[in-house]
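Thanks for coming, everyone. Let me put the structure up, and then we will walk through a few parts of it.

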Amino acid sequence: MTIDTPTGDTLENSGKRIVVDPVTRIEGHMRIEVNVDENNIIRNAVSTGTMWRGIEVILKNRDPRDAWAFTERICGVCTGTHALTSVRAVENALGITIPENANSIRNLMQLALLVHDHVVHFYHLHALDWVDVISSLSADPKATSALAQSVSDWPLSSPGYFKDVQARLRKFIESGQPGPFKNGYWGNASYKLPPEANLMVLTHYLEALDFQKEIVKIHSIFGGKNPHPNWLVGGVPCPINVDGTGGVGAINMERLNMVASVIDQLIEFNDKVYIRDIMAIGAFYKDWLYGGGLSGKNVLAYGDVPEHANDYSEANLKLPRGAIINGNLAEVHPVDHADPEQIQEFVTHSWYRYPDETKGLHPWDGVTEPHYELGPNAKGSKTNIEQLDENAKYSWIKAPRWRGHAMEVGPLARWVLGYAQNKAEFKEPVDKVLKDLGLPLSALFSTFGRTAARALESTWAGHQMRYFQNKLIASVRTGDSYTANVDKWKPETWPRMVKGVGFTEAPRGALAHWIKIKEGRIDNYQCVVPTTWNGSPRDPAGNIGAFEAALLDMPMSDPAQPLEILRTIHSFDPCLACSTHIMSPDGQERTRVQIR
Amino acid sequence: MATAETFYDVIRRQGITRRSFTKFCSLTAASLGFGPGAASAMAEALQTRERVPVIWMHGLECTCCSESFIRSAHPLVKDVVLSMISLDYDEMIMAAAGHQAEAILGETRAKYKGKYILAVEGNPPLNENGMYCIAGGRPFVEKLRWMAEDAMAVIAWGTCAASGCVQAAKPNPTRATPVDKVIHGKPIIKVPGCPPIAEVMTGVLTFIITFDKLPELDRQGRPKMFYSQRVHDKCYRRPHFDAGQFVEEWDDEGARKGYCLYKTGCKGPTTYNACSTVRWNGGVSFPIQSGHGCIGCSEEGFWDQGSFYDRLTNVEQFGIEANADKIGLTAAGVVGGAITAHAAATVIKRVTTKREKTEAQHGQETPR
């Protein structure tokens, strides 16, 4: 059967159905089903979020000042970005302003998270989609060294160094216990790197594993630990004391120096390793530009990283905000989180029930009632799914839409928006990557473009961190060590009923929380998260989500080995624990709890 | 296929001499109360045994445990994965997906029956027949039970697996259930924390491999070495508690001087964990050091104990040691009462020689 989508894609669900479940190297649980034609080209794609946790219903009736800790546990990977979104939502609802120092520290934490997440994502969750581990064993360490030195002056690049790493990898792989490398799709024709490049990037895989733990020390300094650092409504929990009695219990010169040292390290790693690896990979994959999906059509970003505290207007945000529709880069639409016509969630194809499922609901007025069922054409049973029926309900993810459009969010969306808005710090690096690789602008809208945008953003974020670190120090230098506003800390000072929204750009894309507070307690809490946008199922109008769109028309070299599916899905850095949620807006517990 | 790397190969590669290895075996055998001859048997075992296979599964969770694990500074996680254990299945980092990934489970069960560690992050939901967490088209809980059947031991990583954590907070809409409520007849080591400290995680794993036995557990099933003291006991701000010097509100003079955070809701006095000793992220800091109170994330049901900013209890007088202990004892008493029911299920078993034999309960190990 052939179906035309509103965005101009054609779905054809005859042909062989391929199921990938579990999709690994992601956060949470996910299933992908595709139909391939006789040439092994994907003609239909179905993406399913296969877990549901119910955080928002758990938040009901709790203290809004605690919400950051609950929502932070939505995701331990982008740990902290939900907490930041939450404290912003509560501050927005209650009219709480934060000190400038708190803004700088929050930006440092958010940007550190961005860099950490991108580095770990690329090397540990994504690189093996581009890099063949077994091929690296046949690399010549001298040639690997020559390659590494031709692309970067990173010091760890001698022939002896690569020889040692190769020997260790060989011993590991040939031990009969190859651990995480077992049953990989090694030797698949879709791997394009020569052995030397494979060895180089794999070596960096191991270096990045060592290095990533350094990046998060910024979170431990300001937030006490990572994952799941501590946050505070009204500012930040860490006081500053650089020149007084008892300064060892606060942010002092030693702590500031440690932050500065980590920033120096991450800038160097981004500049000399991460971006160079991306360019090296790009050079070998220039002919494999699949997976663009919605990125060349509909992209959305909320913006983040405020220059000054308490100003969330577009002009004050360092990451861009806006929406692009139908690929028209000449027009960037404004985005308003409070407008009930703009952001809506649909559940026609999600395992939830609405009073009227043809209509979407704005998060402040949403309804979530879990309702698990399989469609009439599904194969298997309710507890043994063999094949889903995408014409019915098929995912624990809702379908959010911006003015009715399915949107892609994430690093590529942000960079496309920065590009479209002619912001030099976004446009120039993109143009340089394309020029260096000899690729046209259209190549940006691809699986590789998504991966490259993330590396560019990591580099950008490192330099922003240095900026905010200097800004923090300059502020302290003037004698300002103010980090938390406690004027409205006590619930007695709050209005009886208020609502608010907080937004950020999580590593994976646009994230917002909507809150209603009634008599000091949470009356309603709703999160619409990046992977809900990207991993959304179909909506009543027939729009498909970003994951599904990106898989369409992509060839597979061997359908028994879903390497290309992983490569394209991983380029979004899916986060399934984030994407599945629930709310109950009217004060009633809507979840049906079965007693056995 | 080349020969498997043994524990002995690994430690030799790390520069340990043959002589040191023999000495290690003798000392370990003696310290464990083994008789003569045990040292050579142990040396033999370590020289021929393959790296311990670890199957790491994810239920309802946020992946913070895996993220914490990869932050381990000593040992580096790279060395854990390449040299110490054989991480044969871990959905977060494994190259394979779909049926190629699932195939590893069956192979491990068959090849390493009774010899692999099942590490569980997150927990199974039981509502909707388990379909709030679907794995390979089936309820996650089925996969969990199936892999537990032939495991040597189960490690319940983090508060999710140990006691439910955030998705099990009231009203627990998915009926998320701790691992020990669905797996029976296996030693279960609970390593709570949201997440646990990285070096505690690698410490538990390397303990099992290095000393060839499971760690001693407390009545709640947690390794005593990391969870037998309250955060408050070793908190560097403890003298301020004893002296009655408190942070009264965020960012006040007391906060800048590093006074005690008890009055802003710190749960250090009732939380059993190693945060104030091991600290986080290579020893850089821990929550109290950064100015926020402990939220008690390694304690059962910590989400439902009121706001994180509520004081533990209204103690009228501060400033003397007895009161600090009283607060701790009162809270510990409550926790103790709640866990009595499954305290009896807590057992310590030896891994190698007589794995099946229950040696003692309540963490009391009998020398033999």
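How many bridges join strand β13 of chain A to β14(A), and do the two run parallel or antiparallel? There are 7 bridges, and the strands run antiparallel. Strand β13 covers residues 509–518. Look at one pair: A:Lys518 stands opposite A:Arg521 in β14(A). Before I go on, please note that this is a predicted model.

Now the whole sheet. It has 3 strands in the order β12-β13-β14 of chain A. The sheet is open, and its pairing is antiparallel. Which strands sit at the edges? They are β12, residues 497–506, and β14, residues 521–528, of chain A. Each of these pairs on one side only. Neighbouring strands in this sheet are turned against each other by 15 degrees on average, ignoring direction.

A helix goes with this sheet. Helix α3 of chain A, residues 81–94, lies across β12, β13 and β14 of chain A. Its direction is at about 150 degrees to β12(A).

Next, another strand pair. Strand β8 of chain A, residues 343–346, is joined to β11(A) by 4 bridges. These two strands also run antiparallel. A:Phe346 stands opposite A:Ala399 in β11(A). Where do the side chains of β11, residues 399–402, point? A:Ala399 and A:Arg401 point one way, and A:Pro400 and A:Trp402 the other way. All of them are buried.

On to helix packing. Two packed helices are described by the angle between their axes and the distance between the axes. Take helix α4, residues 100–126, and α13(A), both in chain A. Their axes are 8 Å apart, at an angle of about 155 degrees. Over 145 degrees counts as roughly antiparallel, so α4(A) is roughly antiparallel to α13(A). Their crossing is left-handed. The contact residues divide into 13 nonpolar, 12 polar and 4 charged.

Helix α13 of chain A, residues 447–477, has another partner: helix α12, residues 424–437. Here the axes come within 11 Å and cross at roughly 135 degrees. That angle makes α12(A) oblique to α13(A). This crossing is right-handed. Which residues make the contact? From α12(A), they include A:Phe426, A:Pro429 and A:Val430. From α13(A), A:Leu456 and A:Trp460 are among them. By class, the contact has 8 nonpolar, 1 polar and 1 charged residues.

That is the tour. Questions are welcome.

Note on methods: Residues are numbered from 1 along each chain as its sequence is written. Chains are lettered from A and ligands numbered from 1 in the order in which they are written. This is a predicted model: local features need pLDDT of at least 70, side-chain atom pairs count only at pLDDT 80 or more; totals for chains, interfaces and linings use all residues. Side-chain values use heavy atoms; hydrogens and water are left out. Axes are lines fitted to C-alpha atoms, for helices over the stretch in contact, and angles run from 0 to 180 degrees between N-to-C directions. Angles under 35 degrees count as roughly parallel, over 145 as roughly antiparallel, 65 to 115 as roughly perpendicular and the rest as oblique. A crossing is left-handed if the near helix is turned anticlockwise from the far one by less than a right angle, and right-handed if clockwise. Contact means heavy atoms within 4.5 Å. Ala, Val, Leu, Ile, Met, Phe, Trp, Tyr, Cys and Pro count as nonpolar, Asp, Glu, Lys and Arg as charged, and the others, Gly among them, as polar. Buried means under 20% relative accessible area, exposed over 50%, partly exposed in between (1.4 Å probe, protein chains only). Two strands pair if DSSP finds at least two bridges between them.
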